[in-house]
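Please look at the sequence and the structure shown below, and keep both at hand while you read the questions and answers that follow.

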Amino acid sequence: MEKHDFREVLQRSPFFPRADALSQVKVWSPWNGYQTARIYDTLASEYFAIRSSCSVFDMTPMGKYRITGPDAIRFLTRLVTRDISKLKPGRVTYVVWCNDEGQVLDDGTIFHLGDDGYRLCAQHNQLDWLLISALGMDVTIEEETHEVAALSVQGPTSYSVLEAAGIDGLQELKPFDIVNTFLDGFDVMVSRTGFTGDLGYELWVDPNDALALWDAIFGVKARGLYDVRPIGLEALEMVRIEAGFIVPGDDFNTAETAVRADRSRSPFELGLGWVVNFDKPYFTGKRALLEEHARPIKRRLVKLSTEGNKPPHDSFLYDGKNGQRIGTIKTAIWSPILKSNLAMAEVEYIKGKRPAEIWAQIYYQKELEWKVVWERCEISGKPFWNPPRRNATPPEPF
Amino acid sequence: MKSYDAIVIGAGHNGLANAAFLAKAGLDVLVVEKNDYIGGATVSRELHEGWQYSNCSYVCSLFRPEIYQALDLGRHGLEVVPLQGGVTFKQNGDYYGNYHQPAIRRREIARHSKRDADAAIRFDADLMKWCRLIRGFLLRTPPDPASFKIRDAMEFASLLKSFYSLSESQIYEFIRFFTMSIAEYLEEYFESDVILAHFSGGSIIGTGLGVYSPGTAYVLLHHAMGDIDGNVGSWGFARGGMGSIAKAIASALQSYGGNIRTGAEVQEIKVRGRKARGVVLKSGEEISARVVVSNLDAKRTFLGIMNPKDLPEYVIRRAENFKIRGSSGKLNIALDGMPDFPALEKGSPLTLGHMHFTDTLERLERAYDDWKDDRWSADPYVDLVIPSQYDPTLAPAGKHMVSVFVQYCPVEAEGGWTEEKREAFGATVIDQIANYSPNFKDLILHVEIRTPSEIEAETGLTGGNIFQGELTLDQLMFNRPFPGYAQYRGPVKNMYMCGSSTHPGGGVMGAPGTNAAREILRDLGKVNTTPEDFGDD
């Protein structure tokens, strides 16, 4: 096999030449081995592109696996906790999967591609686990991360932008639907999915067609019709917390990477009990999860908002002001659209019950001077941000 | 006649560390060393004009940072620079590049096997679990499981507690890990031949075992449990060579008022009334001391410098049976320039790390087979490093110092070592390198060839065994060096052991010397100057 160029420590996605040209600040981060923009222009302009117009995010580095063969559905049923027997061709569903101890290895989405099998998208590298799990099954599992280029186009005008770019067939596309369409003679697969909690689509193409896809979308802006902006990882982090999506590795340790015995988490502890189905055929981790389910829950990852205007970065949580420590913040942001501090936090439950009160001790800094405040926190059972336009079919035109 | 509070026999890094902590506690300490220079196997000397040879140990990772800090070794001149990555060359012109940057390392593993790239994540996390468990015991005296003393019971309970902090499945895995061969262990993760070969190398270095011998999985852990500034498993170069470690500890020792005498080989530990009283030098000179500490290996201590009549029969028998088989050779080479490795792209960072030339487990096992027949490996495993790429003090500008560790080399070549055989051994190793570096031979200015026989002659390590005794479960923790004698105290009163024959074993760690100092200070009722483990929650 061909040797690497050791100078190219991070890989470049097929969209890189365009991303690089539009990057005004050249701030990059590694994501799954790819050189990925953290920010293109300013965080605020990118955030509001997602919430008020149209944003484009290069999601090529997302781990993708193709699962085919007679036992593909049997394999996936065994792998994930959710009942996926009703997943129809052309549909997508959110899943998590666990090890034998019922500890979460990763979360992701399954795309039913009809005769082409299934695509599993995952946050972390999963090939080893997928192959271990495939023992004894007539199934083929191939990583296709680098063979499929993908853009996430999100925001209230995303439908109008894609229409104007020449992509047809989106009008009746419902959330979690997939459509195979064409653009200027090349295949584009579009799914109405995303990580922003807003109206949006994910577009999947052959890497050779990547630049043509990018140019068609940004061409809409060049023609003066709608604003379209590239966004980086930082803006995505804000909107995914608003939408209540969790990130393995940031909000919890995945079971495979956890070194200390109590550092991995079950789906119930992550608030993902709704994707665990005990009525389906046996799945990995079921026995452990059944046992755990019978006991009161010990802790939960929760969506937490705090009062005031200081985001509770890295804060400890207490059961009262100056009380007992009962948890920690994992990730936190200031939400410009909700004018609120939003966080993912882990909180200890006592006898299966959430604490009556939660307070955060928040350290913050103004001009290099550190200060501390106590703020009351509230657990949110629902996503912080879930506008009607997200699910409206047909989408609102502009 | 002057009498010391303590005499430490052997100025290797453990002897010096032991003496330094005793001196720090206010004891009047003397270290006696047979060679005209200090360091033991932690030594650097100018063996070719302009070149510093670290001709025994050559890289550093295991040295405990707690000791570094407690003896203020940075101010005494020690600096350990992390070394980056490594490479295993394949016979077909390809290689596996173990890049130091994770993104390209992952892609490189995937080039050989996509699955292995993901399995490496599982492997790293699992190895880290065992590292975390064992690291907590490096700076502690092993409990005696058969003892009813409160301290032993408490320590043993603490050991069990750490063990049971693992999950049920981790406990099963851990027990398996200690008894498995490295080949079988790695095959539970990886499928690519070159990946298997690359990661198994660390588990045979210094042992008289092969990659398929049970127990070698632990040796991998022994080489992975160190750290540089918290990066567990990282290795580094001591600036100025490994001798800098010994020099820095010696400087700390002297700053506390301790003394070192070189060219002073001990003939015998003086024992009267079942108590150690001092030492007799080869010169006939007698030096008295309240406490005598041996940094020599268990065989050399009990069978070499102690009178059998002073020892229990059990100790003699255990010492005779102590497994301390030499299996390693070393070439130290002065080069006129940087050698080419045509398989690598120009400017590749892979020469900055450990370089290997054995690309399958089968070749590694065959190399071991030769050793069992008292032959050096015809196709040897080597760990080649070029520290002069980092360290300007080792060779003149533009020239290089190459350290080549060789596995396997017998203690006694069939019929005994001769000068011709030693040269032939060296030629075998150089040919192995030259297979992958065509200009290597042309650049050679000077070579020092060391078989276990030379290593033993210089350092005193029995059989040239670099660990002062095999690192197998029967000789680890409370079994090291022998059951009942794992707490650094010898069989006669006031006599102690502080070398790598004691827990936690070999490698330039400093922990045995430090742990022994803690026990000595405890027995003498002195304030403890040895550091606590940094801990790691």
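Q: Which residues does Ile249(B) touch, not counting residues up to four places away in sequence?
A: This is a predicted model, in which local features need pLDDT of at least 70 and side-chain atom pairs count only at pLDDT 80 or more, while totals for chains, interfaces and linings use all residues. Side-chain values use heavy atoms, with hydrogens and water left out, residues are numbered from 1 along each chain as its sequence is written, and chains are lettered from A and ligands numbered from 1 in the order in which they are written. Contact means heavy atoms within 4.5 Å. By that rule, and leaving out residues up to four places away in sequence, Ile249(B) touches His13(B), Leu16(B), Ala17(B), Ala20(B), Phe63(B), Leu71(B) and Leu73(B).

Q: At roughly what angle do the axes of H2(A) and H7(A) cross?
A: Axes are lines fitted to C-alpha atoms, for helices over the stretch in contact, and angles run from 0 to 180 degrees between N-to-C directions. Angles under 35 degrees count as roughly parallel, over 145 as roughly antiparallel, 65 to 115 as roughly perpendicular and the rest as oblique. The axes of H2 (residues 43–52) and H7 (residues 233–243) of chain A come within 8 Å, and their angle makes H2(A) oblique to H7(A). The crossing is at roughly 45 degrees.

Q: How many nonpolar, polar and charged residues are in the contact of H2(A) with H7(A)?
A: In H2(A), Leu43(A), Glu46(A), Tyr47(A), Ile50(A) and Arg51(A) meet Glu234(A), Ala235(A), Met238(A), Val239(A) and Glu242(A) of H7(A). Ala, Val, Leu, Ile, Met, Phe, Trp, Tyr, Cys and Pro count as nonpolar, Asp, Glu, Lys and Arg as charged, and the others, Gly among them, as polar. Sorted in this way, the contact has six nonpolar, no polar and four charged residues.

Q: Is Phe341(B) buried or exposed?
A: Phe341(B) sits in the loop between strand E15 (328–335) and strand E16 (354–356) of chain B. Among the residues that Phe341(B) touches are Phe89(B), Met355(B) and Tyr436(B). With a relative accessible area of 5%, Phe341(B) is buried.

Q: Is the peptide bond from Arg480(B) to Pro481(B) cis or trans?
A: Pro481(B) is placed in the loop between helix H16 (452–459) and strand E20 (495–497) of chain B. The omega of the bond from Arg480(B) to Pro481(B) is near -10 degrees, and the bond is cis.

Q: What is the relative accessible area of Asp184(A)?
A: Asp184(A) lies in the loop between strand E10 (178–183) and strand E11 (186–191) of chain A, and its phi is near 45 degrees, a positive value in a residue other than glycine. Asp184(A) is exposed, with a relative accessible area of 71%.

Terms used: Helix = DSSP H or I, 4+ residues; strand = E, 2+ residues; numbered from the N terminus. Buried < 20%, exposed > 50% of the residue type's maximum accessible area, 1.4 Å probe, protein only.
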